Amino acid sequence: MRMAWTAAGLTALLWVAAAGARDVPYVPTPMDVVEEMLELAEIGPDSVLYDLGSGDGRIVISAAKDYGARAVGIDIDPNRIDESWENARVAGVTDQVEFIEGNLFDLDLSEADAVTLYLLSTVNIKLRPKLLRELAPGTPVVSHAFDMGEWEPDEVRHVQGRVVYFWRVPAEVSGVWRVAARGEEGPLAFDLRLDQVFQEVHGEAEIDGVLVPLEAVRLDGDRLSFTVTAPGAHVYEFSGTVAGEDMVGAARPRGTDQDTLHWSGRASSRGASLAQ
């Protein structure tokens, strides 16, 4: 089971590896924003929620009580940890939650189902490479009030005058992929050349030595889709899943609802990592 991460409020103090300790004032997240964040985080009874900078534990407790999730909060302030345990006891969820006194930059995020933050933008940006490096593609990231710099959100919601940002961690697809497809029309092979800036992707297919621009390219977590014109002016809509060095999926002629090609792709060269 992968863990989910979220934040009830600003931490009293965050340690930033490159810049030493950085003060961040504790400000509780309003409950209507908590509800919106948990909805966007896509947690459920099988989720383990981690709350970074968990403050008084309200998101951890809400996740356990309202969603049945196993929830863990981390905060650097021992007073907030004590307060959180007392709040969990009153809510009757102490068997579903855990609170840890510690530094979020030291944590391994690779087991997270989702990450939710209420930190400063400067901290978010310092945390961004860690999120992109350690979280699985498709993992939701939700931030109350503060953005991620150049990483544009997939969605922005407004709750009683407050802003909530949503991202889904994109798979790394930049580079060249060798694609092979087979169906009723016969085999089709081409090189897929992709350029990527976070979830924004564009590229071209090299088919029989001819470069064909891709259309309607979309990357949503680990799901990639694009449209390409094959020899004979056949236009195909490809969709598939990215898993590390491999892609696999199906394709259909444009305007139809039946897959006629099954395809797979293997990375032959990779572009720069998103986590750099």
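Which residue is the bridge partner of R182 in β19? The partner is H262, and the legends below place this pairing among other close-up views of a predicted model. Local features are described where pLDDT is at least 70 and side-chain atom pairs where it is 80 or more, whereas totals for chains, interfaces and linings use all residues. Residues are numbered from 1 along each chain as its sequence is written, and side-chain values use heavy atoms, with hydrogens and water left out.

Figure 1. The mean pLDDT of the protein chain, the predictor's confidence in each residue on a scale from 0 to 100, is 88, and 91% of the residues reach 70 or more. Confidence is highest in strand β9 (residues 155–159), at a mean of 98, and lowest in strand β2 (residues 13–16), at 37; helices (H or I, at least four residues) and strands (E, at least two) are DSSP runs numbered from the N terminus. Over residues 5–23 the pLDDT stays under 50, and for this stretch the model has 86 contacts (heavy atoms within 4.5 Å) beyond four places in sequence. Where pLDDT is low, the predicted coordinates should not be read in detail. The chain is divided into domain 1 (31–169) and domain 2 (175–270), with bounds that come from an automatic or database domain assignment. The centres of domain 1 and domain 2, taken over C-alpha atoms, are separated by 35 Å, and the contact takes 11 residues from domain 1 and 5 residues from domain 2.

Figure 2. In helix α1 (residues 31–41) the buried residues are V33, V34, E36, M37, L38, L40 and A41, where buried means under 20% relative accessible area, exposed over 50% and partly exposed in between, with a 1.4 Å probe and protein chains only. Just after α1, E42 takes a positive phi of about 60 degrees. In helix α2 (residues 58–67) the buried residues are I59, V60, I61, S62, A63 and A64, and just after α2 a positive phi of about 70 degrees is taken by G68. V48, found in strand β4 (residues 48–52), is buried with a relative accessible area of 10%. V48 and A64 are 16 residues apart in sequence, and their C-alpha atoms are 9.2 Å apart in space.

**Figure 3. The open sheet and the pairing of strand β11.** Nine strands form an open sheet in the order β14-β13-β12-β11-β19-β18-β17-β16-β15, with antiparallel pairing; two strands pair if DSSP finds at least two bridges between them. β14 (210–213) and β15 (215–220) stand at the edges with a single partner strand each, so one side of each is left without a neighbour in the sheet. From one strand to the next the twist averages 30 degrees, with axes fitted as lines to C-alpha atoms and angles running from 0 to 180 degrees between N-to-C directions. Strand β11 (residues 175–183) is joined to β19 by 9 bridges, the two running antiparallel, and R178 stands opposite R266 in β19. β11 also pairs in the antiparallel sense with strand β12 (residues 186–197) over 9 bridges, and here V179 stands opposite F190. The strands β11 and β12 form a hairpin with 2 residues between them.

**Figure 4. Aromatic pairs around W263.** Rings of Phe, Tyr and Trp (its six-membered ring) pair if their centres lie within 6.5 Å, and planes under 30 degrees apart count as stacked, over 60 as edge-to-face and the rest as tilted. By this rule the count comes to 9 aromatic pairs. The rings of F226 and W263 have centres 6.0 Å apart and planes at 70 degrees, so this pair is edge-to-face. Because F226 lies in strand β16 (residues 223–230) and W263 in strand β19 (residues 261–270), the pair ties together parts that are 37 residues apart in sequence. F238 and W263 also form an edge-to-face pair, with 5.6 Å centre to centre and 70 degrees between the planes. F238 lies in strand β17 (residues 234–243) and W263 in strand β19, so this pair ties together parts that are 25 residues apart in sequence. F238 is buried at 2% relative accessibility, W263 is buried with a relative accessible area of 3%, and F226 is buried too. Ring pairs also link W151, Y165, W167 and F198 into a cluster.
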